[in-house]
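Q: Hi! Could you walk me through this one while I have it open on my screen?

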Amino acid sequence: MMKKTLVLKVDPQRPELDKIRLAASLIRKGDLVAFPTETVYGLGADAFNPKAVLKLFKAKRRPLDNPPIVHVADSESVWPLAKEVSPSAQRLMEQFWPGPLTLILKRSELVPDMTVAGLDTIAVRMPKHNVALALIRESGCPVAAPSANLAGKPSPTSAEHVSADLDGRIDAVLDAGPTVVGIESTVLDMTVDPPEVLRPGGTTYELLESFLGEVKLNPIAVADKSLSLEKVKSPGLKHKHYAPDADVVVVEGRLPAVVAKVNALARNYRFRGRKVGVLSTDETKQEYTADIVKSLGSRDDLASVARNLFRLLRDFDNAGVDIIIAEAVPAEGLGLAVMNRLRKAAGYKIVRAELPARTQTE
Ligand code: TXA
Ligand code: MG
């Protein structure tokens with residue numbers, strides 16, 4: 001099962017054609033190649049080759065009922081994959097592609113069952129990254145690509161993260177440095193009316209709403225506890241996700257109360273001999289006492305918070321912390337996706353912080 005994984009460093013803006021051609025030749029012969037997108041690194045296989053897609057699932061140790069997103073280099077390439085592309089799906093592609101928006105459409109019969117895990121729908125997206133687009137074009141086929149991490153781990157935002165999880169399990173990695181968005185694409189179900197966000201991500205709900213007029217938000221996308229499986233529409237939503245090795249607790253509430261609660265929890269865990277990491281923001285970083293304190297960036301810059309989230313979760317693991325106490329951020333804009341990932345990483349261990357009445361009236 002172990003193989004030599006080829007690492008190819010490429011220029012993110014102007015990828016070297018010889019390296020892209022080599023990677024594309026691997027995709028064409030049914031091998032697995034990890035590549036950067038604007039969101040996270042994906043693990044690519046020829047979407048029309050069921051054997052290659054099966055290898056994808058195995059390399060990631062991903063349950064076979066959870067289909068990958070199929071990546072295209074232009075919107076025309078969606079037509080053969082879908083039974084129909086509605087006018088509003090077309091308008092979304094025009095407006096938001098290339099970019100972090102995945103559309104769920106009715107699938108065509110051309111697509112192998114393996115690629116869609118037997119569903120009658122397909123997830124498609126055109127990534128906004130020159131390396132990804134060059135790879136798809138040179139491969140000459142749509143590229144099925146889930147995030148390039150082991151199932152359950154935080155998604156990879158650099159080639160180093162990919163190697164940490166998948167070295168020896170895949171054929172090659174195109175390394176173009178860290179990704180820009182840092183969380184995955186928004187998954188929007190276009191088979192229902194109004195369209196429904198199944199996974200919040202790099203394209204904000206607010207932006208979709210102002211463009212479409214009406215958009216639903218699947219309850220699981222904003223859940224603060226695990227919901228029963230019948231309610232789960234997107235297969236990936238029911239599986240364990242984004243979890244570092246360390247335990248995670250999220251503290252939610254008004255900021256001063258959150259700071260006090262995080263410190264109280266940190267003190268408690270340290271007293272019990274556990275190595276504690278605090279995931280903070282620039283505004284609060286100085287206020288914490290723990291073994292390691294890291295900042296996601298400013299609370300006013302949720303793009304930076306999103307960009308840093310998965311990397312910092314992995315950094316805490318590498319530093320050997322036992323527990324990560326994470327400060328919640330506002331669940332608006334990109335913060336909605338951040339909070340969705342954080343709550344899942346915590347397995348919905350959420351602590352609500354409230355100021356003692358005395359302090360509130362002071
Ligand atoms: O940003 C991203 O979306 C990254 C990069 C590599 O493009 N990809 C990614 O893929 O996150 P993955 O496979 O890790 O997540 C795809 C999500 C899963 O939650 C899966 O269940 C859902 O999309 N999905 C795939 N096909 C679906 C379908 N037909 N209906 C509903 N959900 C689907
Ligand atoms: Mg994933």
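Q: Let's start with Glu214: why does it count as exposed?
A: Because its relative accessibility is 53%, and exposed means over 50% relative accessible area, buried under 20% and partly exposed in between (1.4 Å probe, protein chains only). Bear in mind that this is a predicted model: local features need pLDDT of at least 70 and side-chain atom pairs pLDDT 80 or more, while totals for chains, interfaces and linings use all residues. Residues are numbered from 1 along each chain as written, chains are lettered from A and ligands numbered from 1 in the order written, and side-chain values use heavy atoms, without hydrogens or water.

Q: Where does Glu214 lie?
A: In the loop between helix H7 (205-212) and strand E11 (216-217). Helices (H or I, at least four residues) and strands (E, at least two) are DSSP runs, numbered from the N terminus.

Q: New topic: which residues of H2 are buried?
A: In helix H2 (residues 50-60), they are Ala52, Val53, Leu56, Phe57, Ala59 and Lys60. They sit on the same side of H2, because they cover an arc of only 165° around the axis, taken from the directions from the helix axis to the C-beta atoms.

Q: What does the face turned away from that side carry?
A: Lys51 and Lys58, both exposed.

Q: How many salt bridges does a search of the whole structure find?
A: There are 16, counting a side-chain nitrogen of Lys or Arg within 4 Å of a carboxyl oxygen of Asp or Glu. One of them pairs Glu138 with Arg21 at 3.4 Å, N to O. Glu138 is in helix H5 (residues 130-139) and Arg21 in helix H1 (residues 17-28), so this pair ties together parts 117 residues apart in sequence.

Q: What about Arg299 and Glu327?
A: Their salt bridge spans 2.5 Å, N to O, and both residues are buried. Elsewhere, salt bridges with shared partners join Lys29, Asp31 and Lys55 into one network.
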